[in-house]
Amino acid sequence: MFMFRTSSFNLVLLATLFCVLEHVASSPNSTSTFEDSAAPAVTTACTGVSPDPPDFLEGEQIGWNAGFYAPGLGACGIVNTDTDFIVAMTHIVFDAYPGYDGVDCNPICNRPIVVTSRIVQGKSVEVTVTDDCVACGNNEIQLSPAAFEQLADESEGLIDVSWSWAN
């Protein structure tokens, strides 16, 4: 007997699909396909992103680790590449973000943050949240390779960082 199990991954997958379909349907040329459109590397698939930073996690977040990953289609319905300056936020923050109901597009999507190296003084990079990191621990984020390389060499693996919401 086949049974469908609801999991966090399935819900994120369904939310991403909904966001992408909503974006395509609301585009000015609704008959176009993904192959027909020449979209920039970072486009918004989720609508309704609040312009104000959240009231939680205010100020500099210290004691975090950052690694790097291979971007693709993220939880925000945005397709990114290694050269985009993006971040996958830990699922703990992603799922708890105010206004996110676990189904619709998360208001954290497209929100910029500034990540600062705690090892090398003065090294920072601004990145945009376009994904969640289900495998990340409480205080971990994953950067695109291009963003990570602004802070450290990839051979470092995980590095100590702090981050804050960009203004």
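## Phe 94 and its surroundings

Phe 94 touches Ala 75, Cys 76, Met 89, Tyr 100, Asn 106, Ile 108, Cys 109, Asp 131 and Asp 132, a list that leaves out residues up to four places away in sequence. The structure is a predicted model, and within it Phe 94 is found in helix H2, which covers residues 91-96. With a relative accessible area of 1%, Phe 94 is buried, because the term applies to residues under 20% relative accessible area.

A further relation concerns Val 134, which is 40 residues from Phe 94 along the chain, while the C-alpha atoms of the two residues are separated by 9.4 Å.

## Ser 144 between strand and helix

Ser 144 lies in the loop that runs between strand S5 (140-143) and helix H3 (145-148). The relative accessible area of Ser 144 is 0%, and the residue is therefore buried.

When residues up to four places away in sequence are not counted, Ser 144 touches Phe 68, Tyr 69, Pro 71, Thr 81, Asp 82, Asp 84, Phe 85 and Ile 86.

## Aromatic pairs

A search of the whole structure finds five aromatic pairs. In one of them, the rings of Trp 64 and Trp 163 have centres 5.5 Å apart and planes at 85°, so the pair is edge-to-face, given that planes over 60 degrees apart are counted in that way. Trp 64 belongs to strand S1 (residues 61-68) and Trp 163 to strand S6 (residues 159-165), so this pair ties together parts that are 99 residues apart in sequence. Both Trp 64 and Trp 163 are buried.

The rings of Tyr 97 and Trp 165 also form a pair, with their centres 5.9 Å apart and their planes at 75°, and the arrangement is therefore edge-to-face. Because Tyr 97 lies in the loop between H2 and strand S3 (112-117) whereas Trp 165 lies in strand S6, the pair ties together parts that are 68 residues apart in sequence. Tyr 97 counts as buried at 4% relative accessibility, and Trp 165 is likewise buried, with a relative accessible area of 9%.

## The ring cluster

Taken together, Trp 64, Tyr 97, Trp 163 and Trp 165 are linked by ring pairs into a cluster.

Terms used. Residues numbered from 1 in each chain as written. Predicted model: local features only at pLDDT ≥ 70, side-chain atom pairs only at ≥ 80, totals over all residues. Heavy atoms only, no water. Helix = DSSP H or I, 4+ residues; strand = E, 2+ residues; numbered from the N terminus. Buried < 20%, exposed > 50% of the residue type's maximum accessible area, 1.4 Å probe, protein only. Contact = heavy atoms within 4.5 Å. Phe/Tyr/Trp six-rings, centres within 6.5 Å; stacked < 30°, edge-to-face > 60°.
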